[in-house]
Amino acid sequence: MTDHIAFSPDRHALLLLDQRFLPDREESFVCRNTADTIYALQTMVVRGAPAIGVTAAYGCYLAAREAGAAGNGWKKKLSELLIELENARPTAVNLHWGVERMRQKWQALGDISLPALLSEWLGLAETMQAEDIEINKAMGKNGSVLIDDGDTVMTHCNAGALATAGYGTALGVIRAAFEQGKRIKVIANETRPFLQGARLTAYELAKEGIPVTVACDNAVGHLMKKGMVQKVVVGADRIAANGDAANKIGTYTVALAAKAHGVPFYVAAPASTFDLTLASGELIPIENRTPREVTHVGEHRITPEGVPVYNFAFDVTPAELIAGIITEKGVLTAPYTDAIRAAIGGK
């Protein structure tokens, strides 16, 4: 699955498979400017750290086209639009990474015309999309050795093709193991309140013929206690320099249950998801989303009027609960600060 992020040169538009409507219907959301791209990111038309990064790259191109209306002031306008874009969501570091890579390209090109910049940026966005798919495949191959024939693998949220440019991070590991002929099954935690596991992970795996069962989030401990889970593999939206990993809310709970029951807990993420400017996960900003995602199912209210809710979108799993971090550069193990420095870089 690689066509869920598609740029149309004829329409000068980015076409995104609208993940809000899956699995009921497949419908495209069209981004023609910065506001469209920010809306798509904030409402989770597109989500998942690598997919956010690729979308941001194309969003920069759309912002440059939009800035052209400012005439000779296009550079100033474009700089302002890039800041708006990279601040659309706080937790996934790939958003900043995608915008910053485009910004650095602009700076390297010097005093370039807008038409020339548009051409360069479109080419770079397409390169970043292709690179992400290859990175995910390498990650999948590296992580597949951790999955044994006959394993049942639990995953939380959606870290598949839909969360990337294609193939997936956590689901990429599962896909690679399945493609090698290993007889594996998957438990997809429903992942409340947005239900990415029930709606998106189950959708992806069912389409690929990989056996998948959806489980309530609060069944995690029970399933592990009964010996029904051999491995856990999840994605990440940001990983600090010490290996602490932010992922969809509930991941920390899964990691605690895995530790208690001796189930290896792995995180799969590309190098672009590491934020080496942050010493630990305590410094990762956590997005607090609209209460409506909790108070309503569709148009139906399920909580009393006036009762407040918590809707933190992410939590942080401490490095000591992680058995390994699967990357395109290999599987990193503790001590993570040293392993990350050696594989990813940093001081």
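At 3% relative accessibility, Arg 175 counts as buried, where buried means under 20% relative accessible area, exposed over 50%, and partly exposed in between, with a 1.4 Å probe and protein chains only. The model is a predicted one, in which local features need pLDDT of at least 70, side-chain atom pairs count only at pLDDT 80 or more, and totals for chains, interfaces and linings use all residues. Residues are numbered from 1 along each chain as its sequence is written, and side-chain values use heavy atoms, leaving out hydrogens and water.

Arg 175 forms a salt bridge with Glu 208, with 3.0 Å between the closest N and O atoms; a salt bridge is a side-chain nitrogen of Lys or Arg within 4 Å of a carboxyl oxygen of Asp or Glu. This pair links distant parts of the chain, 33 residues apart: Arg 175 lies in helix α6 (residues 170–179) and Glu 208 in helix α7. Helices here are DSSP runs of H or I of at least four residues, and strands are runs of E of at least two, numbered from the N terminus. Glu 208 is partly exposed, at 35% relative accessibility.

Helix α7 (residues 196–208) also belongs to a right-handed β-α-β unit with β5 and β6. Right-handed means that, with the strands pointing away from the viewer, the path from the first strand over the helix to the second runs clockwise.

I turn now to helix α3. Lys 76 and Glu 80 form a salt bridge at 2.6 Å, N to O. These two residues are four apart in helix α3 (residues 74–86), so about one helical turn separates them. Lys 76 is exposed, at 58%.
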